[in-house]
Amino acid sequence: MSASDSTPALFDTYNARFLDPRTIARSFIVPHAAFTLLCKNENSLVIGPRGSGKTTLMKMLRPSALRAWQHESKAEYIKSLLFHAVYVASDSGWSSRLALVKPDHPEYKIFEILQDATFVTYSMMSMLEAVSEASSIEDEDDEALQKFRIRLNNNKEGELSSELAKRWQLDLEFSSFRAMQFALDDRIGLIDHIYFQIASLEKRVNLAELEKFPFLSIGLVAAIKSFVTTVNELCEDADRIWAFCIDEVEILHPTLELSLLKSLRSTKDQRIRFKISASPFSRTQFTQADSTAPMGGHDFTPITLTYARKHESVRFSRQMLEALLREAGLLTSPHRLFGSSRFEPSRPQSRGGKKGPYAKGGQRYSALKGLEKDDPTFADYLRRRKIDLENVDSKTEDARAEIRKLIQIAEIRREFGVTNILQTPGGSIARYRSRKRIGDLYTGAESLLTICDGNPRWLIGLMRPLIDEAKRRHRVSRSAQARSISTAIARFLSLLTTIPFPHTSQGELPITKIIDQIGEFFFADITNRDFKTEPFLSFVIDKHLNERELDAIGAALNQGAFVFIPSQENEHCTGDIRDKRFRVSYLLCPRYKLPLMYGQPAALSRILHRRTSVSSIQYTLNDLLYTE
Amino acid sequence: MREDIKKLLMPIAAPSDLLADEYDLGFYTIGYERRARFIASSLAGRTKSLCAFEYNTNALAFAENRAWAVNQKVLIKPLADYRVDRESNFRKFVAHYIEEYSSKEAVKRLFVDVSSMDRSLIGRLLHSIFAVIKPPFNLRLCYAPASFVEPNYNFVPARECAASIPELSGILGIHQSSLSLLLGLGYEFGISLGLLEQFEPDHALVFTPTGTDDRYDDAVRKANFDFDFGIENVGLFPYRVNQPLTLFESLFSITSNVSNLHRIIVAPNGPKIFAALATVVGLFRAPQIAVLRASLAAQPPPHHVEADGSIVAMDFRCG
């Protein structure tokens, strides 16, 4: 809870779905690129894993959210909006009903029809809500918001209700929005009634019997068109544009999901736009021969809420963290709270007489110099490239680009590579590398922000305990940061363990073990005897993977375990993941001691199908949690 | 649940000495856990007829459990298609069995041992009993806690998540109605987290079990990351496994505000007594509440599951 308000704050709740738009707006951190695209008068497909902020983004298009939003660029965003947003949520409860029967059961088709009708009815409710919202805009509201206003008096409301009721086959007691709301509630009750008649075996229902309920055949597009026509006519604004923001289509049954995705195809009706959010992977895909399949960049704008490159995710995460700190009453910077990061010092240049990181004794200088001393292949590389570490500090940032790229790899090799030998009285032994222990490499403000990978849910989960500590001690220790990272990783992996096993050439293999194999492969490539400037740190889903492997990797992708790397601008990942390139989420990198970057790609089958020993088939708690 | 039963149903604490009572009939299961027959064998001498639902397995103690049942002339009913009772065969069987073996004039006395039942069987059996039984009756729900063995803390993949039986699917609710998740906690942290991820409730209440063995309590805490789900809108609700009446009253009271505006989903992981009581509450409030089964990829534990010697029980008296 926010200290000043009794309404829940976004940071207190798990998901934006149940928050009203005003509450969301109070804590909204705008991902500029994504929101700018979403505001365009085009069909959009918002793609992101769980927790990436899809719902928040969609809900922010609503006038009530825009009204409550405090942001310097708010007027510009509103100016760019040429449509009214209608937000339509899906519901996980629907899928658990359908999960009761298999597709070959006679009831399955009936349950599909009932889910379609439920979705259409909820969409109708959302449309009503959008009109009510638009009619609640008052003279006192921002000038910019006035374009969304719909002026309704009792007569007009009655007329609109009556006309819509006719088209949506509703029996109204009287003509008002309230009566329509009741009628739609009754319709949901009727759908429930039909469902429970079948479910409780009170009555056998066959497909033909459903014809008694003509409303079951009202399709979404028909409902939308009748709504748009009726409202626009009544408002005497025939060209008014409506964007239907349909959230989480992956929850819906495959046929409905596919038909909604098809609606992204450009239509001649310029009054209607679709903005749909979906997970990156889906088994529901258009066939290549399907000429009605929409094309990204042509029929719709793909908006990806994951960040292949970290500068965008760090910027977004930093804004979000600063908002969290403000909410907690901590008027300080992330750097002051968490310190600097060995991977990515946030102060690149020397200022006020302080040593720069590349100056003798500076952080980066020490790291590189240490590796040069211990690692002959790195020293050889420097020689070949004519890089003198003593001179790097005097060069410009641009001139230092090559060496800057090496710093993370150097740090990993120095810390965990074969040159890191512990001298003991009994001889030399390679230093033990525990997967559970999170090294200081990953602590510090910049690393923490990178690890969150731009995922609001992860950031909140990772930062909450640290902010609590900051409230007590004004500075967060490295060990507390490491502990919080370790817990966040363990929590995430425990979630991934619930994904069913795929069959690989090595037999059944849990997705977590697949991630282990990928992580180990990358780690081995970095810490190999020979220094590499471009080690393998990403993978391509190649043709040698089987369908069950694809399913498992897709499920992990939908949870955010992997991040899509587009090979060209505007390439997006939705549905089919074959031939696409991914990296391991930065959240998981500390577990495998990987740098927070992506190098060159390896074919995934090369990683998964090689002969390696998988220590045990399942994770145990002790594999995940690190306790000092 | 039928209205006539709803009106008269009284939850009451079972007496401490279950052997003081006699039973017309009792239901239990033949599975791979050795504790599966603990209650049946304890009450066999006081029960006119025993019926065992038999799982399709050969693991661990299954053979000895079956041998005991055969020796005791238990009516063995192999399990098939009980989750969706499409032809009403399950219900008819229960109706016939109760009719044949229970008292016609006096109060029918029956017990259901849920210790080794899966959540769908608990749902199907209780749903069938409440659908066919005629008051007056006393239904005793029994549960044999397992003696503590340090779990291996394995993370096991999920198989599916759906209503335990179709009748307990819950209502759709009005548009964007709020959602509460009542989550019973077992050893499966990933499953619990997965349910929170899947349903994204606006509030979750996590029921944390407390047994009679401190080691069990510690293990539950450890397996669930000290009950830290990394989110704020989760409340903890500790309950004692051996105080089922208190737990039932709590569940009943918490779910009293279920409505079209406020939906409730119960995911009764953890001890089966929690699942059984949640099922009774679900049946009482049906169709409003959803009661789920979030099942793991089935695999027997690496060791025998023995009863700890105690029996947890509570009664539902009607008429």
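Biologist: Which residues does A:V86 touch, not counting residues up to four places away in sequence?

Modeller: In this predicted model, contact requires C-beta atoms within 7 Å. With residues up to four places away in sequence set aside, the residues that A:V86 touches are A:S126, A:M127, A:A130, A:W242, A:A243, A:F244 and A:C245.

Biologist: How many residues does the largest nonpolar core have?

Modeller: A:V86 and A:C245 are among the residues with the most contacts inside this core, as are B:L181, B:V266, B:L277 and B:L292. Helix α7 of chain A, residues 106-135, gives the largest share, 14 residues. The core as a whole has 269 residues.

Biologist: Which strands are the edge strands of the open sheet in chain A?

Modeller: Five strands form this sheet with parallel pairing, in the order β2-β3-β4-β1-β5. From one strand to the next, the twist averages 20 degrees. The edge strands pair on one side only, and they are β2 (83-88) and β5 (301-304) of chain A.

Biologist: Which residue in β5(A) is the bridge partner of A:L45?

Modeller: Strand β1 of chain A, residues 44-47, runs parallel to β5(A), and four bridges join the two. Within β5(A), the bridge partner of A:L45 is A:P302.

Biologist: Which element gives the largest share of the side of chain A that touches chain B?

Modeller: The contact takes 44 residues from chain A and 48 residues from chain B. On the side of chain A, 21 residues are nonpolar, 16 polar and seven charged. The elements giving two or more residues to this side are α6 (92-98), α7, α9 (177-199), α19 (478-496) and α24 (621-624) of chain A. The largest share, six residues, comes from α9(A).

Methods: Residues are numbered from 1 along each chain as its sequence is written. Chains are lettered from A and ligands numbered from 1 in the order in which they are written. This is a predicted model: local features need pLDDT of at least 70, side-chain atom pairs count only at pLDDT 80 or more; totals for chains, interfaces and linings use all residues. Two strands pair if DSSP finds at least two bridges between them. Axes are lines fitted to C-alpha atoms, for helices over the stretch in contact, and angles run from 0 to 180 degrees between N-to-C directions. A nonpolar core is a set of buried Ala, Val, Leu, Ile, Met, Phe, Trp, Tyr and Cys residues joined through C-beta atoms within 7 Å. A residue is buried if 20 or more other C-beta atoms lie within 10 Å of its own, exposed if 12 or fewer, and partly exposed in between; C-beta atoms are placed from the backbone. Two residues are in contact if their C-beta atoms, placed from the backbone, lie within 7 Å. Ala, Val, Leu, Ile, Met, Phe, Trp, Tyr, Cys and Pro count as nonpolar, Asp, Glu, Lys and Arg as charged, and the others, Gly among them, as polar.
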